[in-house]
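Notes below, in the order I looked things up.

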Amino acid sequence: MSENILNKIRGGLIVSCQALSDEPLHSSYIMSRMAYAAMLGGAVGIRANTVEDIKEIKKVVDLPIIGIIKKVYKDSDVYITPTMEEVDALVNCGVDIIAIDATFRIRPKSQNLDSFFLEVRKKYPNQLFMADCASFDEGIHAAKLGFDIIGTTLCGYTPETRLEKLPNYELMKKLVKDCGKPVIAEGGIWSPTELKMALETGVFAAVVGTAITRPMDITKRFVEAIKN
């Protein structure tokens, strides 16, 4: 089953369809239409946030789904699937792949990644898990912990990587060469040319979100171009 899911996304574009509560397109229905449009456009997979959005997307899309739940806890900067509560919810709604923050940052209730993922893997031995990493060392560590897929998702979003230029092609290349797991490129891909360059690093697949599914941010880029 896992191999079948991976084969479906190999070499293709995964479209991230997300809108947080403070964004104009926040609506499970709208995200389902976004995902449907992405599927018609040739996407091989969808990345989605919240059980509500995932359920709506699954009604109209038969592509593999990378599921996350973004939740803020006061005692941690980790917010992508931070605790077992979110993992349980994603498993119960039947997502194909669950993405988890796999940075070295401390999780809620002072738990580190190692002890958390040990519990997760023991509870769900057959579920595919993707590690959302920010750096090479985090990617290698996540691979050793037993994550099935390594992603460059959080590069540029942690204090140590905030000055990195995105897309980080060098990070992609190094992880492909050394981590021993399928690598998914994610973060800062704004154009078809950049997507092609990412895939040429040897990554397994690539995720594009904002450049396709966030019209407010896309509009801002055009407006900035006029100002400059």
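What follows is my running log, from the whole chain down to single pairs.

**Ground rules.** I'm working with a predicted model, where local features need pLDDT of at least 70, side-chain atom pairs count only at pLDDT 80 or more, and totals for chains, interfaces and linings use all residues. Numbering runs from 1 along each chain as its sequence is written, and side-chain values use heavy atoms, with hydrogens and water left out.

**Overall fold.** I counted ten helices and eight strands in the protein chain; these are DSSP runs numbered from the N terminus, helices being H or I with at least four residues and strands E with at least two. The C-alpha trace spans about 50 × 40 × 40 Å along its principal axes. I then checked the radius of gyration, taken over C-alpha atoms, against the globule rule of 2.2 Å times the number of residues to the power 0.38. For 228 residues a compact globule would come out near 17 Å, and the chain has 17 Å, so the two agree.

**Burial and surface.** I used relative accessible area here: buried is under 20%, exposed is over 50%, and partly exposed is in between (1.4 Å probe, protein chains only). The chain exposes about 11300 Å², with carbon and sulfur atoms supplying 55% of it; the areas are Shrake-Rupley with a 1.4 Å probe, and for residues only the protein chains shown count as cover.

**Contacts.** With contact meaning heavy atoms within 4.5 Å, I looked at pairs at least 6 apart in sequence, and 58% of those contacts join residues at least 24 apart.

**Salt bridges.** My rule was a side-chain nitrogen of Lys or Arg within 4 Å of a carboxyl oxygen of Asp or Glu. That gives twelve salt bridges.

- I started with arginine 214 and glutamate 23, whose side chains meet at 2.6 Å, N to O. The pair links distant parts of the chain, 191 residues apart: arginine 214 is in the loop between α9 (210-213) and α10 (215-227), and glutamate 23 is in the loop between β1 (13-17) and α2 (28-41). Arginine 214 counts as buried at 17%, and glutamate 23 is buried too, at 16%.
- Next I checked glutamate 56 and lysine 59, which pair at 2.7 Å, N to O. They sit three residues apart in helix α3 (residues 51-60), so about one helical turn separates them. Glutamate 56 is partly exposed at 24%, while lysine 59 is exposed at 62%.
- Then came glutamate 85 and lysine 71, at 3.5 Å, N to O. Glutamate 85 lies in helix α4 (residues 84-92) and lysine 71 in the loop between β3 (65-68) and α4, so this bridge ties together parts 14 residues apart in sequence. Glutamate 85 is exposed at 52%, and lysine 71 is partly exposed at 32%.
- I also noted a network of salt bridges linking Arg47, Asp132 and Glu186.

**Helix α4.** Since glutamate 85 had brought me to α4, I asked which of its residues are buried. They are Met84, Glu86, Val87, Asp88 and Leu90. These buried residues pack against α3, β3, β4 (97-101), α5 (113-123) and β5 (128-132). Just after α4, I found glycine 94 with a positive phi of about 80 degrees.
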